[in-house]
Amino acid sequence: MSDLRPDRPAASGPLANRDDALVPQRLRASWLRSERYGVSADAVEPMFAGTEPAESLFHECGNEVLADLQRTMESEPVGMMLTDSDGVVLSRVSGDHSLLRALDAVHLAPGFGYSEREVGTNGLGLALADIAPTMVRADQHYSHSLTGFTCAAAPVVDPATGKLEGAVNLTTWSRTSSNLLLTLARSAASTIAGSMPARGSERRARPPSRRNLFRIEHPSSADGLELGPAWSEASTTACTAMSAGSVVAAVGPPSSGRATLLAQAARRVFPRHRILSAAAPDLADLQAWLDLWSFEAGRSDTVVVLRDVDTLPAYAAGQLRNLLFTAQGAAMPVALTAETYQDVPTALADVVTSVAAVPPLRNRPEDVMPLARHFAATFRGREVAFSPAAERALRNYDWPHDAAELSRVIARAINRSDIVDTPVLPTEVLAGPARRMSSIEAFEHGEIVRVLSGKLTMQQAAAELGMSRATLYRKIRYYKIDVARGRSAYR
């Protein structure tokens with residue numbers, strides 16, 4: 001099994017000296033996935049997603065079942081947890097304070113994501129990945145830091161919808177673990193699922209998981225993208241500032257790629273450092289978010305990218321400055337993002353010495369297709385073809401919501417077709433930047449552009465659109481559509 005974890009000595013792993021036929025197939029597959037995800041085998045680095053209470057039927061029923069279970073196991077060294085379907089810990093109970101302290105040390109606590117993608121092979125992550133009850137013991141964990149624990153988890157599926165809601169996870173010391181742990185996890189999950197239909201009338205929508213407050217940025221295929229001069233200039237500014245030990249602010253609209261640019265620059269300047277990307281939290285999570293910095297501030301092996309600092313309250317920005325900076329300057333490399341430099345809180349603006357401007361995507365049309373091809377290849381796992389008409393439509397659209405909107409459009413398109421062509425693009429993209437049109441006009445305009453992008457005569461195009469050729473010509477003049485290019489000059 002040593003080929004699965006090249007960074008772990010063969011003799012130290014529990015499976016190293018066992019025949020492959022005796023290694024559980026699910027465990028072997030999980031280790032391989034963990035390696036592909038780039039998870040560290042030395043320490044877990046889960047994302048912090050916030051601790052805002054989840055208002056859902058699953059959460060209510062789950063907490064009641066865990067409370068009953070704790071009363072029967074109050075003297076046992078077992079941590080009982082409820083997680084959502086993404087592996088974020090929603091709640092945790094235990095009567096063993098030493099175990100709780102140990103779980104805190106590895107961030108197996110409310111608000112942290114413990115999916116397989118985040119921390120590698122572990123009980124709850126594998127239970128969610130395979131949607132099957134799972135126990136992971138000691139050295140079966142992918143990360144060395146989890147080998148002192150045994151985790152048993154069972155998924156909870158809503159019997160009314162068939163939807164995976166989350167999991168029950170029971171964690172104890174490896175030296176005291178028992179097969180009974182998995183039986184208890186299964187029983188608790190079954191009880192939760194069984195109690196949910198009785199309260200069906202009280203069902204409330206589950207809020208979306210916020211999984212990006214703290215995350216470790218791993219190398220990405222986006223690092224090799226060749227983008228245009230505006231992006232290159234901002235990237236050079238960021239690299240120069242980081243090399244000089246200065247604090248750089250990447251400013252621009254949300255979703256323009258500010259944090260991505262800083263992470264790429266950090267990887268070039270500090271190739272051996274870990275990159276901690278932290279977003280400003282909601283007010284309800286602010287103190288917990290600030291407390292987490294006591295684990296990170298001053299680490300010599302870490303670059304910090306602070307996202308959306310313009311949303312931080314002034315007092316929080318002041319506390320953060322005191323944590324990350326000394327009288328001599330930054331205790332570790334720091335970069336930050338905001339919409340404009342003027343929006344950066346004063347406490348942090350005072351330490352910024354360089355600003356990298358990241359223009360919106362509408363001002364970088366040369367970047368649209370490289371990004372579109374990257375998103376398509378990422379979603380599909382291989383290169384995806386784009387028709388010339390689709391490329392024209394994508395380049396001519398003004399992307400009011402920047403790269404996030406482009407990513408959504410491409411994801412939807414490749415889910416409908418193996419080739420990205422105009423029929424699978426949204427009407428608003430085909431219509432181009434037609435902000436003054438009514439909804440009906442925008443739809444009609446988009447349909448005309450779509451049809452004219454094909455290899456049809458004007459008579460054939462008019463027939464497909466259900467209008468006469470004279471009406472089609474009138475519409476083309478009205479919308480100022482460039483027939484040769486299949487785009488509009490309408491504003």
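Residue numbers start at 1 along each chain as its sequence is written. Because the model is predicted, local features need pLDDT of at least 70 and side-chain atom pairs count only at pLDDT 80 or more, while totals for chains, interfaces and linings use all residues; side-chain values use heavy atoms, with hydrogens and water left out.

**Helix α6**

Select residues 180-195, which form helix α6. Helices here are DSSP runs of H or I with at least four residues, strands are runs of E with at least two, and both are numbered from the N terminus. α6 has 16 residues and spans 23 Å from its first C-alpha to its last, close to the expected 22 Å (1.5 Å times one less than the number of residues).

Now colour Leu-181, Leu-182, Ala-185, Ala-188, Ala-189, Ile-192 and Ala-193, the buried residues of α6. Buried means under 20% relative accessible area, exposed means over 50%, and partly exposed is in between, with a 1.4 Å probe and protein chains only. These residues cover an arc of only 130° around the axis, so they sit on the same side of α6; the arc is taken from the directions from the helix axis to the C-beta atoms. On the face turned away from that buried side are the exposed residues Leu-180 and Gly-194.

**Salt bridges**

Go to Asp-418 and show its side chain together with that of Arg-380; the two meet in a salt bridge at 2.9 Å, N to O. The term covers a side-chain nitrogen of Lys or Arg within 4 Å of a carboxyl oxygen of Asp or Glu, and the count by this rule is 17. Arg-380 lies in helix α12 (368-380) and Asp-418 in the loop between α14 (402-416) and β15 (419-420), so this pair ties together parts 38 residues apart in sequence. Asp-418 is exposed at 51% relative accessible area, whereas Arg-380 is partly exposed at 26%.

Arg-382 lies in the loop between α12 and β14 (385-386), 36 residues from Asp-418, and is partly exposed at 42%.

Next, select helix α13 (388-396), which holds both Arg-395 and Glu-391, 4 residues apart or about one turn. Their side chains form a salt bridge at 3.3 Å, N to O. Arg-395 is partly exposed at 36%, while Glu-391 counts as buried at 17%.

**Pocket and cavity**

Select Arg-215, Glu-217, Ser-220, Ala-222 and Thr-260, which lie nearest the centre of the largest pocket among its 40 lining residues. On a 1 Å grid over the protein atoms alone, a pocket is an open set of points with protein on both sides within 12 Å along at least five of seven lines; a cavity is a set where a 1.4 Å probe fits but cannot get out; lining residues have an atom within 4 Å of a point. The volume of this pocket is about 1,500 Å³, counted as the space filled by probe spheres set on points joined across faces, edges and corners. α8 gives the most to the lining, with 6 residues.

Finally, select Val-39, Ser-40, Ala-43, Val-44, Glu-45, Glu-118, Ile-216 and His-218, which line the second largest cavity. Its volume is about 50 Å³, and the structure holds 2 cavities of 30 Å³ or more.
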